[in-house]
Amino acid sequence: MKRNFYIGAIFLALVAALAAGSVVLEKKAAVEGADVVAPRFEVDPLWPKPLPNHWVQGMSVGVSVDSQDHVWIVHRTNTFEPMEIYASAQPPKAECCVPAPPVLEFDEEGNLIGHWGGPGQGYEWPDSNHGITVDYKGNVWIGGNGRGKDRSRFHDNQILKFTQEGKFLMQIGHPAMSQGSNDPDNLKGPAKMFVDKATNELYVADGYGNHRVAVYDAETGKYKRHWGAYGHKPDDTDLGPYNPDAPPAQQFRNPVHCAELANDGLLYVCDRPNDRIQVFKKDGTFVKEAFIAKRTLGDGSAWDIAFSKDPQQKYIFLADGSNEKIYILLRDTLEILTSFGDGGRQPGQFYAVHSIATDSKGNIFTTETYRGQRVQK
């Protein structure tokens, strides 16, 4: 009898313990379920495939993905050390190598399937190209940030529009013509562009010489509107070096490096030297801002952004070419969830990671400027 009692007591104790353990596990699961799990990425070290014709890639300052998941980059053909392009010397000094054409198109497998670019009839190719965007119609847009011989004026005050085959379509602005951040006719070192499918408006991060976002009709090039930080009228007063302990600057510093429109109509702007992202409505109304690695000096932290491909665009992927990493942020709160990458030459590491884009499958593509000179998947 006593033995049965003990067995019954032990059984009840085990049931109670299991019940308590179940409650603890349920609570833990609920807590873990409430946490946001950021997506994880690993590098594809064999993407892209080697370029043909002894071609090599220079400072790579733009990447975009079109509706077919083809990856487009623009790089600078005048940024090589002499030994990198011995084959282009007159006479050639060696078998290898020569600069690849400025615009390169890769398919999903990393095969080079298109290439063009450079000076031509009817348009003024930038001294220093910068930024590439393939819009929803398949048009290819390119900016530039070359200063030219007169360092005070900026040579590249224009944006160019082409077909995917490289046929010239339109130019907005002209070299060395900018009258500053409130000039409707010219840009000044435009860094990156985005075309709004709903309105066919071109948003420009303008950029290296100006301190604004500028908006144009993407079909005619007609000026629409512009604004500076916090939606203010832009001011070209020199703000001096960035100080992370000072009150937030009321104007953008140079360069204003990206302007990306989300599906819900919010525009995200990279104020690179001020280490921040500012968010606006399409009319320039300021919504909010967030600082990224606020104590980053020099080249700043907010270089370029891309959105995740879910309908809500839940995540922002932000390229930081100073700290050599990609941050993953929640788009609604601008909270940093995690980051990946580090400085270095190996696959998955970065040297001046400059531009970023995503394809329909959620893969990330990055380009690297300065001596980075590559695209990674």
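How many residues lie between strand 5 and strand 6 in their hairpin, and which residue in the turn has a positive phi? There are 5 residues between the two strands, and G110 has a positive phi of about 95°.

The structure is a predicted model, in which local features need pLDDT of at least 70 and side-chain atom pairs count only at pLDDT 80 or more, whereas totals for chains, interfaces and linings use all residues. Residues are numbered from 1 along each chain as its sequence is written, and side-chain values use heavy atoms, with hydrogens and water left out.

**Figure 1. Overall view of the protein chain.** The protein chain contains 1 helix and 25 strands; helices (H or I, at least four residues) and strands (E, at least two) are DSSP runs, numbered from the N terminus. Its C-alpha trace spans about 105 × 55 × 40 Å along the principal axes. The domain assignment, whose bounds come from an automatic or database source, gives domain 1 (1–34) and domain 2 (42–376). The centres of domain 1 and domain 2, taken over C-alpha atoms, are separated by 58 Å. Of the 377 residues, 51% count as buried, where buried means under 20% relative accessible area, exposed over 50% and partly exposed in between (1.4 Å probe, protein chains only).

Figure 2. Strand 5 (residues 103–106) pairs with strand 6 (residues 112–116) in the antiparallel sense over 4 bridges; two strands pair if DSSP finds at least two bridges between them.

**Figure 3. Strand 8 and its two neighbours.** Of the 5 residues in strand 8 (residues 140–144), 5 are buried. One side carries V140, I142 and G144 and the other W141 and G143, and both faces are covered. Strand 7 (residues 129–134) runs antiparallel to strand 8 and is joined to it by 5 bridges, with G143 as the bridge partner of H130. The hairpin of strand 7 and strand 8 has 5 residues between the strands, among them G138, which takes a positive phi near 95°. Strand 8 also pairs with strand 9 (residues 159–162), in the antiparallel sense and over 3 bridges. In that pairing, L160 of strand 9 is the bridge partner of I142.

**Figure 4. The disulfide of C96 and C97.** A search of the whole structure finds 2 disulfides, a disulfide being a pair of cysteine sulfur atoms within 2.5 Å. In the link of C96 and C97, the sulfur atoms are 1.5 Å apart. This link is right-handed, with 55° about the S-S bond. C96 counts as partly exposed because its relative accessibility is 30%, whereas C97, at a relative accessible area of 11%, is buried.

**Figure 5. The disulfide of C258 and C270.** C258 is joined to C270 with an S to S distance of 2.0 Å. The link is right-handed, with 70° about the S-S bond. It connects distant parts of the chain, with C258 in strand 15 (residues 256–261) and C270 in strand 16 (residues 267–271), 12 residues apart. Both C258 and C270 are buried. With the bonded cysteines numbered in sequence order, the pairing in the protein chain is 1-2, 3-4.
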